[in-house]
Amino acid sequence: MTEKIFINRLLLPSTPALPMEFTIVNSINDVFGKAFYFGTIAECQYAKNQLQSDITVSYWDLSVSSFMPAIGPLFVNYAGSYYKQVCQIGQSDIGAFCRSDSGNKQWSGQIIEDMRDIETIKQRVQCDEMMFLSPAKTLPKEEYRCWVAFGEVVEIVCHDFSGTPIKQDKERIATVTERVLSWDSFWAPDLVYVVDVCEWKGEFYVVEYNCFSTSGHYSADSNKIAEKTREFLKKGLFNNGLECRALQTGN
């Protein structure tokens, strides 16, 4: 059977014209046979738990507290960071950046401006949810999303924090690519993953790590990502399964 890449319509801002080897589906329930799947977090959770013999999916919940000890100051929010449960957050945390420690991010992250923001967090996030906090920084609007697989940067796009594309010259993209590969040779959360990168005070830093299967494509070339993934499938690189190296080593 031909290896296929299945891409959920919900993941993409528009439906790309994919070659015959690729199939776009509306639901994980439409996926049969051997495949690598791109979809929503909920669907990829289901795929990993229920369809392990039928599908390859890059999904894991990598918390900040798991990857930050491994990369240290390469993480943009490393300095001065701390953790609190939602119920512990109070007036002393006003002015801090706050996000869920979990990679699934019940709270995706924002600066706590006042007590109203704290009340909003407490209304929307479970009381015992662990939160990551750090001193707020004024970061440039540019953020780079990089798809990395088996030591190769498959695709890289630049966008602002709302996902709007920002055009970058080739030299700039090459610099970010070089930096990402240097980090990958030092430590990586998985064999395939997505890393968001930003520049602050003239240096590049990791914003966060995300899963290859669940990360939004924004303005990325979905064909390019799918074709590269099929190439890796044909080479049998996924045959041993995808395991989160960070969790294996206890970092």
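Analyst: Rings of Phe, Tyr and Trp pair if their centres lie within 6.5 Å; planes under 30 degrees apart count as stacked, over 60 as edge-to-face and the rest as tilted. The model shown here is predicted. A search of the whole structure finds 12 aromatic pairs.

User: How are the rings of Phe67 and Tyr209 arranged?

Analyst: Their centres are 5.3 Å apart and their planes stand at 80 degrees, so this pair is edge-to-face. Phe67 belongs to helix α2 (residues 64-71) and Tyr209 to strand β11 (residues 203-210), so the pair ties together parts 142 residues apart in sequence. Both Phe67 and Tyr209 are buried.

User: Which geometry do Phe75 and Phe132 show?

Analyst: That aromatic pair is tilted, with 5.6 Å from centre to centre and 50 degrees between the planes. Phe75 lies in the loop between α2 and β4 (82-85), whereas Phe132 lies in strand β7 (residues 130-135), 57 residues apart. Burial is judged by relative accessible area, with under 20% counting as buried. Phe75 therefore counts as buried at 2%, and Phe132 likewise at 0%.

User: Which residues form one aromatic cluster?

Analyst: The cluster consists of Phe67, Phe75, Tyr83, Phe132, Trp187, Tyr193 and Tyr209.

User: What sits over the ring of Trp200?

Analyst: The charged end of Lys137 does, 5.1 Å from the ring centre.

User: Where is Trp107 found, and is this residue buried or exposed?

Analyst: Trp107 is in the loop between β5 (96-100) and β6 (110-111). Its relative accessibility is 8%, so Trp107 counts as buried. Beyond its neighbours within four places in sequence, Trp107 contacts several residues, among them Cys98, Ile121 and Met131.

Note on methods: Residues are numbered from 1 along each chain as its sequence is written. This is a predicted model: local features need pLDDT of at least 70, side-chain atom pairs count only at pLDDT 80 or more; totals for chains, interfaces and linings use all residues. Side-chain values use heavy atoms; hydrogens and water are left out. Helices (H or I, at least four residues) and strands (E, at least two) are DSSP runs, numbered from the N terminus. Buried means under 20% relative accessible area, exposed over 50%, partly exposed in between (1.4 Å probe, protein chains only). Contact means heavy atoms within 4.5 Å. Rings of Phe, Tyr and Trp (its six-membered ring) pair if their centres lie within 6.5 Å; planes under 30 degrees apart count as stacked, over 60 as edge-to-face and the rest as tilted. A charge sits over a ring if NZ of Lys or CZ of Arg is within 6 Å of the ring centre and within 35 degrees of the ring normal.
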